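Open the model in your viewer and keep the selection tool at hand. The stops below go from aromatic rings to a pair of helices.

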Amino acid sequence: MTQQQTYDVIVAGGGTAGVAAAIAAARKGAKTLVIERWGHLGGTAVYGIPFLGAFSGNGQQVSAGLFQEIVDRLIAEGGSPGHSRGSRWTTEPDYEFSLTSFDPEVYKYVAQEMVLEAGAEILYHTFISEVAVEKGAVVGAEVANKSGKSRRQARVFVDATGDADLATMAGVPSQSKERLQNVSILFRLGNVDLERFVEALKKGERVKGWGEWHTRLLKGSKIDKKTDTYVHVAGHFKPWDDRDKEITFTAVSFRDGEISLNATRTTHIDGANAADLSKGEISERKNVWEVYRALKQYVPGFSQSYLISTAPLGIRESRNIIGDYTLTKEDVVGARNFEDGIARGSYPIDIHDPAGGRTKFYFIAGGKSYNIPYRCLLPQGIEGLLVAGRSISATHEAMGSIRLMACVTCQGQAAGMAAAMAVQKKIFPRQLDVKELQQSLKQAGAIL
């Protein structure tokens, strides 16, 4: 093993949570490194889906701070029309549905530049292969890349891998999982007549769901079109003649004539298992091609469409650590607030059926929001480590809400700031005065 470098804070994973964690830690004065396995930052944010859950069902903005800074930067770079609001869940007439669409390629640039401007370093094409624990605390990590293996040390680590990879290598137990949400590959199509597609939905012409609770038609501005047009459509289509199978879909459009489709799914894939990941990629790429060809042939609005891009395999659920507190379904739907809350969530619990059926939603009482305890970011039994993102301490159902990207970004900001403050005070994150952390987050624009 060659070379050894020392940092104040190391962020494992440069996805949605990791980007915010790295920016927050570096801005707080910590010498920060973010380690990312791909050649870009962003994770799920660059797969083609929008930010959801920035506003609660009662219309209150709950995700701000660094999240809003990122949105504002995307707008300034011509990569987002901003927040789109005003739709309703049909069976919940007082429950607002909103989203923030953006071009994933612009996000890659914006995320990278904001991390570098904050003063953090980025190590691309690298993953953590081993973790060093001494006296009950994480002190170092072995990384592997084209240069071989090397060692990185830090006072505090933030696991933002999405799968609790670093925490698992450090011996942190995960919660027992009997069910895992299905996986998908999102794909982007060009030259789609979205108005014709919505007309088909209203007529029930190959597209079902008009008037059902999940339809969520939403109009708003696009990057290249400021007049209101459809930016989101959801429902079920049946794109073939020879089988009685419907496909649940959501379609998001941030540029006129283009949509990102979330329509395929493969079940029984463990995102923390390499063989399963390969199986899922193969299955989903076949599914994407099959659905795309059928859409062109049978579904109104798609006859002249073409495939622009496909995302990597999207994992909705894998490991969740056992932390000092485990967020539950009851906490989420009951809009519970905690004294040590460090971020807010507001999107309904969204469970993509592990068996492959229709997606299930559980709404939050009164369209309100809940906050996430700092304790959910602290793995039991180990020091020097914080976890941010969908692998925090939460049950299967609660994870169906906290995994949304707006919420995840806010978790990352809290984790990065807490890590830097712990370094400055020469204490472990668990010993940090949460009220002091909350005050710092509020000063940075976060909503708790």
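The tour begins with a note on the model and then moves from selection to selection.

This is a predicted model, in which local features need pLDDT of at least 70, side-chain atom pairs count only at pLDDT 80 or more, and totals for chains, interfaces and linings use all residues. Residues are numbered from 1 along each chain as its sequence is written, and side-chain values use heavy atoms, with hydrogens and water left out.

**Aromatic rings**

A search of the whole structure finds 14 aromatic pairs; rings of Phe, Tyr and Trp (its six-membered ring) pair if their centres lie within 6.5 Å, and planes under 30 degrees apart count as stacked, over 60 as edge-to-face and the rest as tilted. Select F51 and F67: the ring centres are 5.0 Å apart and the planes stand at 75 degrees, so this pair is edge-to-face. F51 is in strand 3 (residues 51–52) and F67 in helix 2 (residues 66–76), 16 residues apart; helices (H or I, at least four residues) and strands (E, at least two) are DSSP runs, numbered from the N terminus. Both F51 and F67 are buried (under 20% relative accessible area, 1.4 Å probe, protein chains only).

Next, select W89, Y95, F97, Y347, F361 and F363, which form one aromatic cluster.

**Charges over rings**

Show R85 with F55: the charged end of R85 sits over the F55 ring, 4.1 Å from its centre. Here the CZ of Arg or NZ of Lys must be within 6 Å of the ring centre and within 35 degrees of the ring normal. At Y230, the charged end of K219 sits over the ring, 4.8 Å from its centre.

Note on methods
Buried < 20%, exposed > 50% of the residue type's maximum accessible area, 1.4 Å probe, protein only.
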